[in-house]
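Let's take a friendly tour of a protein model, with a stop at its charged pairs and another at its surface. Have a look at the picture before reading on.

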Amino acid sequence: MPCRWAGGYTTDADQGRAALTRVNEERRRVVVDIDLAKASSVAMHLRNGDLLRVVRLRPTLDAGVTIEGQVYRPGSYAWHEGMRLTELLPSVDELKAGADEHYVLIRRELAPDRRLVVRSADLSAALAAPGSAADVELMARDRVTVFDLQDTRERVIKPLMVELQNQSNLQQALQVVNVSGRVKAPGDYPLEEDMKVADLLRAGGTLDSAAYSGTAELSRYVIENGQSRRARVINIDLAAVLHGDPTANVALQPFDRLYVKEISGWSEQDQVTLKGEVRFPGIYPIQRGESLREVIQRAGGLTDLAFAKGSVFTRKELREREQLQLDRLAERLQSDLAATSLIAARGNQGNAAETYSVGQNLLAQIKSAKAVGRLVLDLDAAMTGAPSLHADVALRDGDELVVPKVSQEVTVIGEVQTATSHLYREGLEREDYIALSGALRVLPI
């Protein structure tokens with residue numbers, strides 16, 4: 001069989017799975033399987049009209065393991081019976097900076113139906129005790145993933161969850177568990193064989209700094225009489241789990257959800273900004289319920305040049321609320337203008353067209369306007385009154401106070417003889433400053 005006429009085999013050719021299509025003696029088109037690795041097949045004579053197709057090898061890995069993720073040398077490696085994780089990753093030096101050493105994910109397909117199962121391993125524990133149960137034994141075609149602590153795990157976990165969903169049925173529930181709350185990587189994770197609370201915490205990237213390590217809540221669905229489902233809450237002694245107490249380390253079931261609580265009163269540090277005529281302006285961290293008066297006292301109080309009546313106090317929450325109202329007003333006005341434009345087009349009404357033009361200018365002004373979020377307050381009363389006086393303000397994160405200097409000038413402009421500024425003198429009223437500017441200008445008739 002002159003396969004050499006076609007240039008020989010490619011590197012992906014499966015010589016044992018060739019198919020020869022020909023017309024036999026009964027004038028029927030048939031397909032004959034041929035093993036080109038055998039000399040007898042190579043010596044077979046071809047006939048006029050024969051079509052020989054050499055099958056390509058499957059792209060799947062038949063014997064080997066693959067490693068990917070936060071490692072320096074990803075790729076496929078040789079596998080042998082009894083191979084363990086520490087042979088693939090013999091040292092933490094194989095990991096890039098920021099790699100999660102405690103949750104290494106292993107995707108595995110089981111023969112004969114390629115059923116998907118997921119295992120995980122604690123690489124630190126495996127390296128500390130090579131050959132132990134912590135050093136997971138690998139199987140052919142395993143795919144090992146090392147996660148980045150700073151990156152999302154959804155890129156790897158989500159496709160796995162889709163595969164598990166596809167193979168679930170009435171007899172085998174979807175193998176999924178969830179961890180939320182104060183963990184570094186909350187979300188859904190594959191349920192492993194003999195998986196416990198401690199394993200789920202490893203999957204979630206362990207606790208973050210705001211986690212309450214006393215107790216956690218495990219929500220579990222219970223099927224009653226095969227007809228209804230109700231939720232059952234199990235209190236988990238998180239401190240005991242973290243200290244390795246096997247009695248507290250509850251075994252997980254499909255759809256279990258672990259919630260890690262937050263330490264009471266924990267939040268990102270709230271801050272306020274003081275600007276202008278305070279002795280030590282700057283950004284100040286605040287405690288819950290701390291007042292404006294208390295923070296100004298911490299900042300050394302107001303300077304002698306402070307103009308308390310002209311102070312401007314703004315709040316982030318008010319600014320966001322005002323901006324929302326401006327946006328809604330712009331939407332309503334735009335809708336009204338569209339209706340006005342339609343009326344003008346139908347009736348050719350000049351008034352409607354003029355109204356539309358004015359409305360467009362107003363709409364442009366509203367869209368360009370930026371909310372300030374100003375809260376009017378009496379700073380003098382807040383500073384000099386009793387601590388419980390309603391004039392004092394309980395501060396919130398993002399608040400800002402600007403205290404200007406006392407202005408010594410009074411400026412008079414417009415229809416006066418001499419538009420200018422004058423030094424402020426106590427006792428003078430508005431008409432006095434107008435008189436100092438030459439009085440009102442009289443226009444000729």
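## A first pair

Is Arg-298 buried, partly exposed or exposed? Arg-298 counts as partly exposed because its relative accessible area is 40%. Here buried means under 20% relative accessible area, exposed means over 50%, and partly exposed lies in between (1.4 Å probe, protein chains only). Arg-298 forms a salt bridge with Glu-290, and their closest N and O atoms are 2.8 Å apart. Glu-290 itself is buried, with a relative accessible area of 10%.

## Where these values come from

This is a predicted model, in which local features need pLDDT of at least 70 and side-chain atom pairs count only at pLDDT 80 or more, while totals for chains, interfaces and linings use all residues. Residues are numbered from 1 along each chain as its sequence is written, and side-chain values use heavy atoms, leaving out hydrogens and water.

## Salt bridges across the chain

Side chains of opposite charge can pair when their charged atoms come close. A salt bridge is a side-chain nitrogen of Lys or Arg within 4 Å of a carboxyl oxygen of Asp or Glu. By this rule the count is 23 salt bridges.

One of them joins the side chains of Arg-143 and Glu-68, at 3.2 Å from N to O. This pair links distant parts of the chain, with Arg-143 in strand S8 (residues 143-148) and Glu-68 in strand S4 (residues 65-69), 75 residues apart. Strands (E, at least two residues) and helices (H or I, at least four) are DSSP runs, numbered from the N terminus. Arg-143 is partly exposed at 34% relative accessibility, and Glu-68 is partly exposed at 22%.

Another salt bridge connects Asp-256 and Arg-220, at 2.7 Å from N to O. Asp-256 sits in the loop between helix H6 (238-242) and S13, and Arg-220 in strand S11, 36 residues apart. Both Asp-256 and Arg-220 are buried. Elsewhere, Arg-107, Glu-109, Arg-114, Arg-141 and Glu-163 are linked in a network of salt bridges.

Asp-208 lies in the loop between helix H5 (197-203) and strand S11 (211-224). Which residues does Asp-208 touch, not counting those up to four places away in sequence? They are Arg-182, Val-183 and Lys-184, where contact means heavy atoms within 4.5 Å.
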